[in-house]
Amino acid sequence: MKINIFKSLLKFAGVIAFPACIAMSSCSEDIDESNLYTFTGQTIEDFLVSNDTAFSSFNYILKRVGYDRILSSYGSGSQEYYTCFAPNNAAVERYLDSLYNDTESDFEHNGMTAPGLEGLNDSLCNDIALFHVLGTEKLTIDMEGVTLRTLLGRTMTSATRLTDGLLVLNDKAAIVSPDNEMVNGVVHVVDNVIPRSNKTVVKELQNDERFSIFYEALERTGLVDELTEQEKILTAEKPAPVDGYYTPTECKVGYTIFAETNDVFEKNGIDGFPALVEHAKDWYGKAATGDKREATQGWYDYYRNNNITVSTGDDYENPANVLNMFVRYHILKAAVAKEVLAWDHNTLNGHGYSGDVYDYYETMLPKTLMKIWKVKRSNSSQGIVAGTYINRYVENNTLTDAIPTLESMGSSSMHRVVYEGCKINTGEFIAPLNGYIYPIEDVLLYDAQVPNGVLNERIRIDALTMLPEISSNGFRGMRINELTPLNGGKGAGRIRFPIDFFDNVHVYNGNSTQIDMNVVTSVGGKDYTLYKGDSFQGMGIFDFAIKLPPVPDGLYELRINLDCMPHGTMLQYYLGTDPNDLSSMEAIDIPLDMRLAGGGAADFDAERLVEIGCVNILEEGSDAAADLGLESDRVMRTHKYMRAPLCIVRESDQSMISRYITHQLRRILDTRDFKQQDYWLRLKTVLDDGNLERKFQIDYIEFVPVNVAMNERYLEDVY
């Protein structure tokens with residue numbers, strides 16, 4: 001966060017008033033706002049109070065939820081700055097009238113008990129307040145054409161209006177008095193309450209004529225009824241409050257829909273619902289029958305393994321109906337914001353790496369994954385276009401022929417682009433109440449190419465992606481300065497969750513297991529050297545299981561990152577298919593000691609590191625430096641260890657690359673045949689020393705097909 005010298009001086013200056021003459025839009029005709037006052041040393045809240053005739057309604061909303069206190073805080077070492085978009089009283093009145101008179105809302109009067117301010121419930125006040133505040137300071141020069149993350153965890157878009165040059169938020173609220181700098185941030189006066197959708201993903205699709213074919217399919221399959229949930233009820237005892245941690249009191253449920261527009265369907269010969277049904281028969285009719293070695297049949301392992309017959313009839317609500325299968329593969333049970341579809345943080349740019357980022361998501365088509373790949377650089381000679389794609393297929397991805405120059409991803413000839421991918425139109429996304437809708441530019445399918453090609457690579461999935469609630473509650477990609485306001489203004493770098501917060505986590509011993517995540521540092525702060533900058537972690541006498549992503553049938557190496565922390569523990573891993581049946585949980589690997597590295601990041605002399613062959617590959621003139629650690633890696637693999645990936649670098653310190661430090665390793669837990677079904681990984685501490693500060697951490701999981709890990713022609717790349 002930048003702090004300009006003028007602002008710093010204001011904190012110590014006297015209180016001198018000066019008029020800020022502001023030209024307001026016609027929306028403010030009911031209030032004389034020709035002269036707003038700002039005072040040397042004012043906070044954002046001071047500004048709102050001193051201009052009470054203009055902003056009393058908005059300030060009332062802030063006070064109802066305690067955010068007046070947040071926006072009045074500064075000093076005492078605080079480095080937290082905010083951006084407040086302040087609508088005038090006339091704008092608030094118009095907005096509340098629109099809420100109360102809305103006849104399409106899922107709730108009568110949108111939950112308002114009466115017209116006007118007094119009719120607002122606490123939840124609406126909270127949503128309005130947090131949607132108008134950013135946890136960072138943004139001047140207008142920083143905001144043009146970008147997506148802004150609000151304290152509500154939902155995003156808004158900004159664009160310059162051609163008719164008058166004003167910056168407009170969500171196509172509705174124009175900034176009419178920009179860049180009013182305060183000691184704890186900046187105020188932008190807006191002429192309307194910034195609109196956020198109060199409709200569900202289903203209602204938004206229904207009302208958008210571009211998606212009429214897709215919506216009819218969604219409705220005819222009955223899936224509209226599965227996309228209405230907005231909140232999960234938490235009943236477990238809350239964890240004890242801890243300084244530096246934020247604990248959520250509610251758990252939102254959300255969805256992401258990738259939808260073809262009618263134009264995209266028409267380009268593929270689909271002019272209406274009947275044509276879509278006929279195409280679905282061709283796409284999915286043989287998905288679970290026949291010899292899967294044939295590219296046109298038998299590729300859907302889960303249905304084939306469980307003798308589920310695919311239906312080509314008109315029983316569209318049957319999950320095994322071809323149309324139902326088609327629609328389900330378009331839906332994630334997670335509200336994933338544009339910025340975190342493929343979250344780009346702590347990503348190496350250099351050493352031969354493209355800088356691309358990707359992640360994998362489980363869809364509502366049972367036990368299936370999609371890959372989302374953000375291509376960061378266009379290359380006209382290779383026909384590569386920057387953008388975000390679903391199921392982009394590059395031949396021999398995660399393999400290289402560049403021995404001994406291991407830092408190269410390999411020659412372009414071995415990485416032929418088989419399928420560019422289904423491009424996501426991230427510039428025209430819709431943000432409903434309970435999720436996101438993204439238009440896509442091709443027909444999205446779970447066809448044979450996905451399990452046999454797209455997913456036939458090293459699958460590295462971030463642990464937080466395995467927990468949909470992280471994205472649905474706005475925690476993915478959240479920075480410390482965005483979390484702190486949610487914590488009542490108290491500094492917070494971690495979130496501690498109630499043990500029933502996650503569907504994909506099963507806790508065996510109550511709050512003796514403490515479940516946390518660390519969030520990304522504030523801009524300019526010190527990052528952790530972690531994959532994407534955040535991680536799933538916790539401490540205590542822990543005993544829990546986490547559901548692994550479903551991969552296609554195959555022989556895989558199962559790997560987990562190993563953060564060798566001095567305050568770590570010794571733990572036993574188990575693998576099973578039913579977390580409720582402990583007898584089905586099979587111990588895998590020996591108990592693993594997380595304290596392996598002993599000292600700091602450069603302590604390559606630690607006795608146990610020497611034993612497994614982990615040497616300093618940056619030591620000038622050494623054999624390890626000459627071959628970039630190739631021989632060292634081979635020795636480590638015989639002990640079931642690997643170095644961390646080269647693609648992870650500390651954003652705030654580019655010299656801190658995960659592969660070159662000792663406390664970031666990978667452990668090969670097991671090599672076995674996996675079926676396309678649910679597997680749960682249980683982690684249980686085996687140290688009985690009563691130390692409640694012992695920590696576990698899961699940054700990422702890797703499923704690596706053996707034909708990648710031990711390829712006869714190529715080498716697995718170091719990224």
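Arg659 is buried, with a relative accessible area of 4% (buried means under 20% relative accessible area, with a 1.4 Å probe and protein chains only). This is a predicted model, in which local features need pLDDT of at least 70 and side-chain atom pairs count only at pLDDT 80 or more, while totals for chains, interfaces and linings use all residues. Residues are numbered from 1 along each chain as its sequence is written, and side-chain values use heavy atoms, leaving out hydrogens and water.

Arg659 is located in the loop between β34 (653–657) and β35 (664–674); strands are DSSP runs of E with at least two residues, and helices are runs of H or I with at least four, numbered from the N terminus. Its side chain forms a polar contact of 2.5 Å with that of Asp633 (a pair of N or O atoms within 3.5 Å, one able to donate a hydrogen and the other to accept it; residues adjacent in sequence count only if both atoms are side-chain atoms).

The side chains of Arg559 and Glu716 are joined by a polar contact of 2.9 Å.

Turning to the nonpolar residues, the largest nonpolar core has 208 residues, among which Phe258, Phe536 and Leu681 touch the most other members. Such a core is a set of buried Ala, Val, Leu, Ile, Met, Phe, Trp, Tyr and Cys residues joined through side-chain atoms within 4.5 Å. Helix α10 (residues 273–284) supplies the largest share of this core, 7 residues. A second, separate core of 6 residues includes Val704, Val708, Ala709 and Tyr714.

Notes:
Buried means under 20% relative accessible area, exposed over 50%, partly exposed in between (1.4 Å probe, protein chains only).
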